Amino acid sequence: MKTPRYKFCFGPWNLSEGQDPYGPPVRPPQSFDWKLDALKRLGFEAMMFHDDDAVPDIDQKTDAQLRAAARALKRKLSDAGVTAEMVAPRLWFDPRTLDGAYTSNDPKCRRYAIERSLRCIDVANHLGTDLIVLWLAREGSYLREAKNARRCVDYLVQALDRMLSHDKRIRIAIEPKPNEPMDHAYLPTIGHALAIAQLTRDPKRVGCLIESAHAILAGLDPADEIDFAMSFGKLWSLHLNDQNGLKFDQDKPFGSANLRVAFNQVRALERNGYGRRGEYVCFDVHPFRPTKVEHWLAHLENSRRTFLKLVHKSRSFDEAQAQALIKDRNYAALDQLVIEHLLGK
Ligand code: XUL
Ligand code: MN
């Protein structure tokens, strides 16, 4: 198998200003050009977008204005030699998504969510990417009795079908997350994402995106999620980061909380040849809130550094010795082999 050369990506939101539910921003807002320049300086190859990162105030724009804004961005990206990796509809901000987007109890709101998604596909077309990512932020319940979960599955399939028929070439990668902002999400894991794909009009074009922190929040090991998705040939993008236990989504630098879990994700990517079909390694990481302006890019640079060091650790792991220990069912020694390999000489 050809060894993949990894290509890296992040989104404008990954250079965030530090606001949290309890406090305001702590770093000054930066322009999109500043962020693109930062991405270039770091040597990343691609940028991922929400529809309104690409076309600000998208709901207020006519189709002609949307086209003009998206094409202007495409020119800017091309001039910088940067690819647009994906576009994701931001279906959690507008008041019409208050009670769910595709699964709102209000038909007018469901209609808005679908129309917004179709416009997101138009943006993707102008930016030259066929990948649409769906983080289904508000598709779930705060209160179980408030929604009919059986009907919500139908609504989700209807929305996916509308998107698939709007454009025959796009692929949809569902990014599952089990909770936050909802108490429970309707598609909490990769298994759910790949299962609902089978109910759509074109299952081959519905795949997934794994985010490490989301898998950990679901109580799963992200490495197993990677192996599972890649058994179906459906891991089309990846948000590597880290998460310390079951709490709010932390988006820590890759490997920051649990180096061994990060090592196993890299091993899973390596054994499945992730990247061979052009997939990007994206870091959905945020700076720690106290981060000074002069250290603003460090979480991205560090995540890539850790990733590449773990690629090296994965390739230099003593597989023969590991196999001998597995054969002997000496898992204590296998455990120590991994620990000492990660600790280094
Ligand atoms: C939310 C999250 C999003 C998606 C893109 O937890 O990860 O940033 O990756 O909408
Ligand atoms: Mn993400």
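Colleagues, the model is predicted: local features require pLDDT of at least 70, side-chain atom pairs count only at pLDDT 80 or more, and totals for chains, interfaces and linings use all residues. Residues are numbered from 1 along each chain as its sequence is written, chains are lettered from A and ligands numbered from 1 in the order in which they are written, and side-chain values use heavy atoms, with hydrogens and water left out.

I begin with the ligand. Around ligand 1 we find Trp13, His50, Trp92, Trp135, Glu175, Lys177, Glu211, His214, His239, Asp249 and Asp284, where a residue is included if one of its heavy atoms lies within 4 Å.

Which distances separate polar side-chain atoms of His50, Asp249 and His239 from an oxygen atom of ligand 1? For His50 the distance is 2.8 Å, for Asp249 3.0 Å, and for His239 3.1 Å. The cut-off for such a contact is a pair of N or O atoms within 3.5 Å. Taken alone, ligand 1 exposes 300 Å², of which the protein buries 93%; areas come from the Shrake-Rupley method with a 1.4 Å probe.

I turn to the aromatic rings. There are 14 aromatic pairs in the structure, a pair being rings of Phe, Tyr or Trp (its six-membered ring) with centres within 6.5 Å; planes under 30 degrees apart count as stacked, over 60 as edge-to-face and the rest as tilted. Phe8 and Phe283 are stacked, because their ring centres are 5.9 Å apart and their planes lie at 10°. Phe8 belongs to strand β1 (residues 8-10) and Phe283 to strand β10 (residues 281-283), so this pair ties together parts 275 residues apart in sequence. Strands here are DSSP runs of E with at least two residues, and helices are runs of H or I with at least four.

Phe8 is buried at 5% relative accessible area, and Phe283 is buried at 0%; buried means under 20%. Phe283 also pairs with Phe307: with centres 6.4 Å apart and planes at 75°, the arrangement is therefore edge-to-face. Phe307 lies in helix α10 (residues 298-315), 24 residues from Phe283. One aromatic cluster is formed by Tyr6, Phe8, Phe10, Phe44, Phe254, Phe283 and Phe307.

Technical notes:
Polar contact = N/O pair within 3.5 Å; in protein donor to acceptor, adjacent residues only side chain to side chain. Buried < 20%, exposed > 50% of the residue type's maximum accessible area, 1.4 Å probe, protein only.
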